[in-house]
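Welcome! Let us take a walk through this protein together, beginning with the whole and then visiting a few residues one by one.

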Amino acid sequence: MERPPVRWFLELKGKDRGYVRRVENTGKDGEAIFTRQKPDISHLTDEELEILVATQKRRESAVSEKIEPSLSPT
């Protein structure tokens with residue numbers, strides 16, 4: 001029997017025996033990989049977008065004043 005089909009079969013059916021393919025991905029020099037997710041805001045209403053803008057402004061002003069941002073809308 002050829003080796004690739006045997007390996008494939010064991011990875012598929014022999015997981016309980018430890019036949020699994022594991023891959024570990026790391027960033028540069030073994031560091032963590034940082035990702036940035038961009039939310040899809042295309043479905044939000046104008047009112048919801050205004051709330052997001054107001055929230056961001058409050059957070060930015062809180063950071064500049066070095067206080068914790070308020071979680072309740074004002």
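The protein exposes about 7900 Å² of surface, and carbon and sulfur atoms supply 52% of that area. Keep in mind that this is a predicted model. Of the 74 residues, 4% count as buried. As for secondary structure, you will find 2 helices and 0 strands. Helix 1 covers residues 3-13, and helix 2 covers residues 46-65, with a loop between them.

Start with W8, which lies in helix 1. Is W8 buried or exposed? W8 counts as exposed because its relative accessibility is 55%, and the cut-off for exposed is over 50%.

**A salt bridge from helix to loop**

How many salt bridges does a search of the whole structure find? The search finds 1. In this salt bridge the side chains of R21 and E11 meet, at 3.1 Å from N to O. The pair links distant parts of the chain: E11 belongs to helix 1, while R21 sits in the loop between helix 1 and helix 2, and the two are 10 residues apart. R21 has a relative accessibility of 59%, so this residue counts as exposed.

G27 counts as partly exposed because its relative accessibility is 22%, which falls between the cut-offs of under 20% for buried and over 50% for exposed. Leaving aside residues up to four places away in sequence, G27 touches A32 and I33.

What is the phi of D29, which is not a glycine? D29 has a positive phi of about 55 degrees. D29 is also exposed, because its relative accessible area is 70%.

**Negative charge on the surface**

Now move on to helix 2, where E50 is found. Together with D46, E47 and E48, E50 gathers in a surface patch of negative charge. E50 has a relative accessibility of 58%, so E50 counts as exposed.

**Side by side**

Here are the residues we visited, with their accessibility.

| Residue | Relative accessibility | Class |
|---|---|---|
| W8 | 55% | exposed |
| R21 | 59% | exposed |
| G27 | 22% | partly exposed |
| D29 | 70% | exposed |
| E50 | 58% | exposed |

Note on methods:
Residues numbered from 1 in each chain as written. Predicted model: local features only at pLDDT ≥ 70, side-chain atom pairs only at ≥ 80, totals over all residues. Heavy atoms only, no water. Helix = DSSP H or I, 4+ residues; strand = E, 2+ residues; numbered from the N terminus. Buried < 20%, exposed > 50% of the residue type's maximum accessible area, 1.4 Å probe, protein only. Areas by Shrake-Rupley, 256 points an atom, 1.4 Å probe, with all protein chains shown as cover. Salt bridge = Lys/Arg side-chain N within 4 Å of Asp/Glu carboxyl O. Contact = heavy atoms within 4.5 Å. Patch = residues over 30% accessible without salt bridge, like charges linked within 9 Å, V, L, I, M, F, W, Y side chains within 5 Å. Lys, Arg positive; Asp, Glu negative; His and termini not counted. Charge placed at Lys NZ, Arg CZ, Asp CG, Glu CD.
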